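Please work through the following exercises with the structure at hand. Each task is followed by a solution in steps.

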Amino acid sequence: VTEAEDQFSTVLIPLIANSRQIFEQITTHQNSMLSMLSSTKSSTTSRTTATEILTLQSKLRHIEQVLHVWMATQESWVLLAEIFGSAPRKNTQGSESRTSLNFGAARATSQLTQASNQKFVAIQACKPQEAELFVSVDREWRTLMHHLKRNPSVMTTCSKPGILQNLRMIKKNLDACWDGMVDYLGTRSKK
């Protein structure tokens with residue numbers, strides 16, 4: 001997890017970083033499970049062991065699925081945060097504030113100028129429905145990411161009941177905001 005400062009406040013926003021390492025670890029564990037399962041078929045090991053291995057494989061597939069959706073959602077949020085004025089940026093001391101936890105660390109910030117901020121306010125004024133939806137989604141996203149910061153365990157976080165559905169809903173709403181922005185920019189470019 002890395003943190004980026006919100007452009008309008010001093011609140012740090014945790015972001016998942018270095019997801020490649022996580023996916024590599026999941027693949028390694030899945031391959032280990034397959035090897036273990038193969039060895040249980042050729043030995044006299046109990047059916048209980050095979051069942052436990054299959055259960056762990058299922059959990060790993062679920063974690064992988066959650067992380068794919070999470071990373072896609074995070075990418076959408078970062079892009080839209082810049083448009084709607086909730087973008088992460090460098091902190092006021094000029095250095096990046098990072099916290100390296102189980103998810104790793106990476107650079108995920110952007111510096112916005114005053115002229116850009118005025119442009120974002122104009123877009124918000126032209127697309128109030130999308131801006132309102134983004135504010136709601138932004139609140140959910142920040143809450144989710146702050147929970148992640150408090151408990152950065154991949155296994156625990158990705159296994160929470162309803163996490164995949166929650167992430168999919170957030171992503172769906174972010175996509176609706178994005179579609180509204182594309183529509184706005186298309187209409188604006190025709191003028």
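This is a predicted model: local features need pLDDT of at least 70, side-chain atom pairs count only at pLDDT 80 or more; totals for chains, interfaces and linings use all residues.

**Exercise 1.** Determine how helix α4 and helix α6 are oriented relative to each other, and which residues form their contact.

*Solution.* 
1. Helix α4 covers residues 128-150 and helix α6 covers residues 163-190; their axes lie 9 Å apart at an angle of about 150 degrees.
2. Angles over 145 degrees count as roughly antiparallel, so α4 is roughly antiparallel to α6.
3. The crossing of α4 past α6 is left-handed.
4. On the α4 side, the contact is formed by E130, L133, F134, V137, E140, W141 and L144. On the α6 side, I163, N166, L167, I170, N173, L174, A176, C177 and G180 take part.
5. Sorted by class, the contact of α4 with α6 comprises eleven nonpolar, three polar and two charged residues.

**Exercise 2.** Compare the span of helix α2 with the expected value, and state what follows the helix.

*Solution.* 
1. Helix α2 (residues 47-83) contains 37 residues.
2. From first to last C-alpha, α2 reaches 54 Å, close to the 54 Å expected at 1.5 Å a residue.
3. After α2 comes G85, with a positive phi near 80 degrees.

**Exercise 3.** Is Q30 buried or exposed, and which residues is Q30 in contact with, leaving aside neighbours within four places in sequence?

*Solution.* 
1. Q30 belongs to helix α1 (residues 19-42).
2. The relative accessible area of Q30 is 15%, and the cut-off for buried is under 20%; therefore Q30 is buried.
3. Apart from neighbours within four places in sequence, Q30 is in contact with Q57, L60, R61 and E64.

Definitions and conventions: Residues are numbered from 1 along each chain as its sequence is written. Side-chain values use heavy atoms; hydrogens and water are left out. Axes are lines fitted to C-alpha atoms, for helices over the stretch in contact, and angles run from 0 to 180 degrees between N-to-C directions. Helices (H or I, at least four residues) and strands (E, at least two) are DSSP runs, numbered from the N terminus. Angles under 35 degrees count as roughly parallel, over 145 as roughly antiparallel, 65 to 115 as roughly perpendicular and the rest as oblique. A crossing is left-handed if the near helix is turned anticlockwise from the far one by less than a right angle, and right-handed if clockwise. Contact means heavy atoms within 4.5 Å. Ala, Val, Leu, Ile, Met, Phe, Trp, Tyr, Cys and Pro count as nonpolar, Asp, Glu, Lys and Arg as charged, and the others, Gly among them, as polar. The expected span of a helix is 1.5 Å times one less than its number of residues. Buried means under 20% relative accessible area, exposed over 50%, partly exposed in between (1.4 Å probe, protein chains only).
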